[in-house]
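Biologist: Could you put the model up so that we can go through how its helices pack?

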Amino acid sequence: MYISTDYVFDGQGTEPWQPDCPDYAPLNVYGESKLGGELAVKERVEKFFIVRIAWVFGLNGNNFIKTMLKLGQTHDTLRVVNDQIGTPTYTFDLARLLVDMIETEKYGYYHATNEGGYISWADFAREIFRQAGMNVTVTPVTTAEYGLSKAARPFNSRLDKGKLVENGFVPLPDWKDAVGRYITALGK
């Protein structure tokens, strides 16, 4: 079982990336290292799960939700990127799926993010503030308007999850539901 990322792709276009798509073109060192891990697994073992995820949040470590909640305490307006599109992944939901997967022999490449459709980071931020009961205005901006980040980020992080259902796995719950459960777990 190897956990990978949408960053193995170049992030261009608007079509969801298919799990078995060989069009790798990482934008940064992180994507290159994750792709290197994928290729090493594929070269060394016949039976494997490679599961790509995106926009991850969980109780441990920093993540977008924690950042938004913290910034929302000191800002009444925030500029958030709206031209990068994907779907969040709650680690609690992902863990259940990974256990289900590893108990089968339905090996291969998969994509696993929460359900609920594709959104922008600005959409994500609005929902976080709504569910946290915080009165923060989210001003959508393009990546170019926002300014340079430390690493190149994909515009298209849409991951097609159809292969999960085709192989009998239960999809992750809706991302809005996941955000609500996560905020509750944080005690906010």
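Biologist: At what angle do H4 and H7 pack?
Modeller: In this predicted model, H4 and H7 pack at about 45°, with their axes 10 Å apart, the axes being lines fitted to C-alpha atoms over the stretch in contact and the angles running from 0 to 180 degrees between N-to-C directions. That makes H4 oblique to H7, a class left over once under 35 degrees is called roughly parallel, over 145 roughly antiparallel and 65 to 115 roughly perpendicular.

Biologist: Which residues make the contact?
Modeller: Among them are Phe124, Ile128 and Ala132 of H4 and Trp175, Val179 and Ile183 of H7, where contact means heavy atoms within 4.5 Å.

Biologist: Switching to H2, which residues are buried there?
Modeller: Phe64, Ile65, Met68, Leu69 and Gly72 are buried in H2, which spans residues 64-72; buried means under 20% relative accessible area with a 1.4 Å probe and protein chains only. They cover an arc of only 130° around the axis, which puts them on the same side of H2, the arc being that of the directions from the helix axis to the C-beta atoms.

Biologist: And what do they pack against?
Modeller: The buried residues of H2 pack against strands E3 (56-57) and E4 (77-81) and against helices H4 (121-132) and H7 (175-186). Helices (H or I, at least four residues) and strands (E, at least two) are DSSP runs numbered from the N terminus.

Biologist: How far apart are the axes of H2 and H4?
Modeller: They are 10 Å apart, at an angle of about 60°, and H2 and H4 are therefore oblique to each other.

Biologist: What should I keep in mind about the numbers?
Modeller: Residues are numbered from 1 along each chain as its sequence is written, and side-chain values use heavy atoms, leaving out hydrogens and water. Local features need pLDDT of at least 70 and side-chain atom pairs count only at pLDDT 80 or more, while totals for chains, interfaces and linings use all residues.

Methods: Buried means under 20% relative accessible area, exposed over 50%, partly exposed in between (1.4 Å probe, protein chains only).
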